[in-house]
Structure formats: C-alpha cells, structure tokens
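Please open the model in your viewer and keep the selection tool at hand.

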Amino acid sequence: MDDTVTSCDVLVVGAGPGGGNAALQCARLGLNTILIEDHHEIGTPVHCGECISDVACQNLGLTLPEHVISKEVKGIRVIFPDGTEKCLSEHGYVLEKHLFEQWIAESAVSEGAKLSLGHKITGMEKVYLEGKFSGWRCEGKGEEFPIFTKVVIDASGVASVCSRLLNLNPRGKVVAGMQYELEGVPTDGYLDFYIWPSYAEKGYLWMIPKCDGRANIGLVTEDKPRTKKALDEFIENTHFKGLNQNLPAWKKKGNPAFGGTIPISGPHENTHSDGLLLVGDAAGFTSPLFEGGSHLALKSAVFAAQTAAEAISDNDLSAKKLSKYASLWKDEFPPYDKILKGKNALFDLTDEEMSIMARCLPDEMSEMGISGKAMVGVRLLFKSPSLYAKNIIRAMLAFGYSRAKYYGW
Ligand SMILES: Cc1cc2nc3c(=O)[nH]c(=O)nc-3n(C[C@H](O)[C@H](O)[C@H](O)COP(=O)(O)OP(=O)(O)OC[C@H]3O[C@@H](n4cnc5c(N)ncnc54)[C@H](O)[C@@H]3O)c2cc1C
C-alpha cells in the first residue's frame, strides 16, 4: 500500500447513533477504527423525535450523562381518532439528540477511534492480495481519502451510501417526518402519539415533551407532499394552536421546521457483503408502527463490531464469514413482516373502527397478559364482531410489538 493511502481495520461511514456506536464498539475491541461524517458537526441537523427507552439504554449498557437528557418520560400514550387514550407505560428519555450523538462519538474517540468530520465517501473498490479479498480502497471528499480498510461499516442512514455505490440492494420506500419545537406545551410526562389518519396517512403525529416547557410536535406520513400542511393544520386545530415556535438551540437560522425521511421497507435483503456491514437505517432497521430506529441502530452496531473483529482476527473478510452478522440481528430483532401486517391491518380500519377497537383495550396496554387479551377479544365480539374479518387482532398486536423490549423505541 503506498504512503499516501490512509489505512485502518474498520472505516465507519456516518456518525449518527449507529455509526458512533459502531466506532465505539470497534475501538473497544482493539480495532484501528476511523469514523467519518459528511457534516462538519455531529448530530445536526437533528432528524429525530429524540426519544429512547430506558430498556434500550439497559440493553445497550448506556449510562446517559445528564447533559444529553432533556426530560425523563413515563411512556407512550396512544390517542385514537375519537380521542380515546390508552397507555404503553415504560420509563424512557427525551434526549437532546445532537448532544447524545456527539457524546457517543466522543466516547469512541476516547477509546482510540479517529473521527474525521467533513468527510464524505463517494467510491469503493475491492482490493485483492494474491487473489484473496483483502479490503476496500475508498475514495471521497476529505483529506483522509483515499482510505484502505479491511471492513466498511455503512452507517450512513437512509442514504445507505455504500449499498447504493455497490448496487447491493434496491431502493426501499421511505416516509417523510417533520416537526417543530414549540414552547409552553402542557405535559404530564407521557409521549403523546396521535393515530389520526386524516392528518397522517399510514403514520401518526406526536407531542414529545422536553425540558423548560418545550416539546417536539411532529408527524410521519406516507402523504409526503402534504407533510407540512398537515402538521400546520394539526397544530391549528388542537390545543397546540397559538404556541410559540422556537428555533431549536442547534439551529442558528432558517425555517423552524426540521425532519427527514425514514425507511419503511424493512431490513434490506443484503445487510452484508465481502468486507461490508450495513447498520441502522442504512440496513433498513426501523420499527414499523412508530418508526423508531435509534435502538435498532445502536444494537446493530454492536453486532457489526463483533462480526468485524472476529473476521479480522481470523483473516477472513468474505461475505460468508460476515454472514454471522445477519444471523445475530435476525435472532434478536422482532419479525418486521409480522408487525407490518399488523400496521397494515390497523390502517385498513376506518377512524370509527379504530376508535371502537381502542375503547375495547385496557387503559394500560403494556401488561395485558393472556387473560387481558382474551377480555379484549370478548369485548370486541360484543361491540363489533365484523372487525374480526378485518384482522383486528393483528392490528392490536402491532401495539404490543411497539414496546421497548421489541425495539419499538
Ligand atoms: C422526523 C423523525 C423523527 C424520528 N423520531 C425518532 C424517535 O423519536 N426515536 C427513534 O428511535 N427514532 C426516531 N427516528 C428515526 C431515527 O432518527 C433513525 O432511525 C436513527 O437516527 C438511525 O440512526 P443511524 O445512525 O442509522 O442513521 P442517521 O442518524 O441518519 O445517521 C447517518 C449519518 O451518516 C451521515 N452520512 C450520510 N451520508 C454520508 C456519506 N456519504 N459519507 C459520510 N457520512 C454520511 C449523515 O450525515 C448522518 O450523520 C425519527 C426519524 C425522523 C426522520
């Protein structure tokens, strides 16, 4: 390898939660790791409602420092079209997400990873030594390029850059998400999720409370062209009307709205290849009903780092060797297709049918158990037996799968 090429064991592309944690875990495993980020600052622009469950933090061994926590919350309250409210109580946090991502990347650096901001990967070419695949020569914008690496971890989010450069997977579907930070928002400590299809088609709206009376008010919807209009109408027609819109602290100027897109086609067919592992949104890992992805991104990063370390140690970077990664996430993550069927069944219901279903549910949905579910079944049978033909049970199970232990948030 010539002197002008930077070399490493693992190149992590993107410093979101997935990439930051991949770099942290790789560095901890003693791998020579470079973390590159396209932007000149980590975590901005924020494209997240910013919530993460306590279960997620425990699952990941994360002890959040005070400065990244905006507010502790009691769980999710789902609000159905007729206003019926049901809770999925479980402790969690609303983060200052950009500070959270910066903290993870700083932790990676303190464990020995090298962080290069303003670096964007634009090309990848396989390198062979004596006929054996030995890594990637990566091209891009930024002084570290070209970079030779044994393994690339693609954590570039919905852009899924490496997968696209290599034509590894077809382009998946995405939904649009947008939010404002409002001030003076009343809260009792729950995340309020409104399933109101008239504003958010096959999506939902949220009020995610933060400290000092601030809150993220937003939505995800499959009706992309109507995203902003629908959010503005929702605010105008609810108790959020007239509240001040803040420019979030990380945003110096411009429009107060912020957001992004979320992959909704489920995990990509190929989440690994020779010397390549896809994590987080880049792999299509999001939770189908409420579209949370941070927990999945952070956890897939752990699996990717373990797989990369083993492959490098065994001097075998082949796709076959790296297939262990796919086994790890498939064993751990909930069945996407099953939950998606539940989500589709939910959105096949009319507003009226959804509300009937909601009124049959217990006020607290997190610990229903077998007898609780049977009770709901009996109530439904009395109120609207025809709903059974519309896969109502499947729709209800989608809420269960949105709990933290199933990587819902
Ligand atoms: C509006 C909205 C609200 C959401 N709310 C929540 C929520 O409350 N809770 C939750 O769990 N999830 C939420 N999500 C989803 C969550 O934000 C993502 O699932 C999560 O951020 C995925 O993490 P990631 O590391 O895979 O990707 P990302 O966070 O997208 O990070 C990817 C990084 O890669 C960088 N990058 C891209 N291309 C390149 C390149 N060519 N070279 C170098 N770097 C590159 C990007 O700049 C970025 O920093 C929300 C998403 C949206 C859009």
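How many residues of strand S11 (residues 190-194) are buried? Five of its five residues are buried, so the strand is mostly covered (buried: 20 or more other C-beta atoms within 10 Å of the residue's own, with C-beta atoms placed from the backbone). This is a predicted model, in which local features need pLDDT of at least 70 and side-chain atom pairs count only at pLDDT 80 or more, while totals for chains, interfaces and linings use all residues. Residues are numbered from 1 along each chain as its sequence is written. Strands are DSSP runs of E with at least two residues, and helices are runs of H or I with at least four, numbered from the N terminus.

Display the side chains of S11. Tyr 190, Asp 192 and Tyr 194 point one way, and Leu 191 and Phe 193 the other way.

Ile 79 stands opposite Tyr 194.

Finally, select helices H8 (residues 336-347) and H11 (residues 392-400). Their axes, lines fitted to C-alpha atoms over the stretch in contact, come within 7 Å and cross at roughly 120°, on a scale from 0 to 180 degrees between N-to-C directions. Residues in H8, including Ile 339 and Leu 346, meet Arg 394, Ala 395, Leu 397 and Ala 398 in H11 (contact: backbone-placed C-beta atoms within 7 Å).

Note on methods: Contact = placed C-beta atoms within 7 Å. Buried ≥ 20, exposed ≤ 12 C-beta atoms within 10 Å, placed from the backbone. Pairing = 2+ DSSP bridges.
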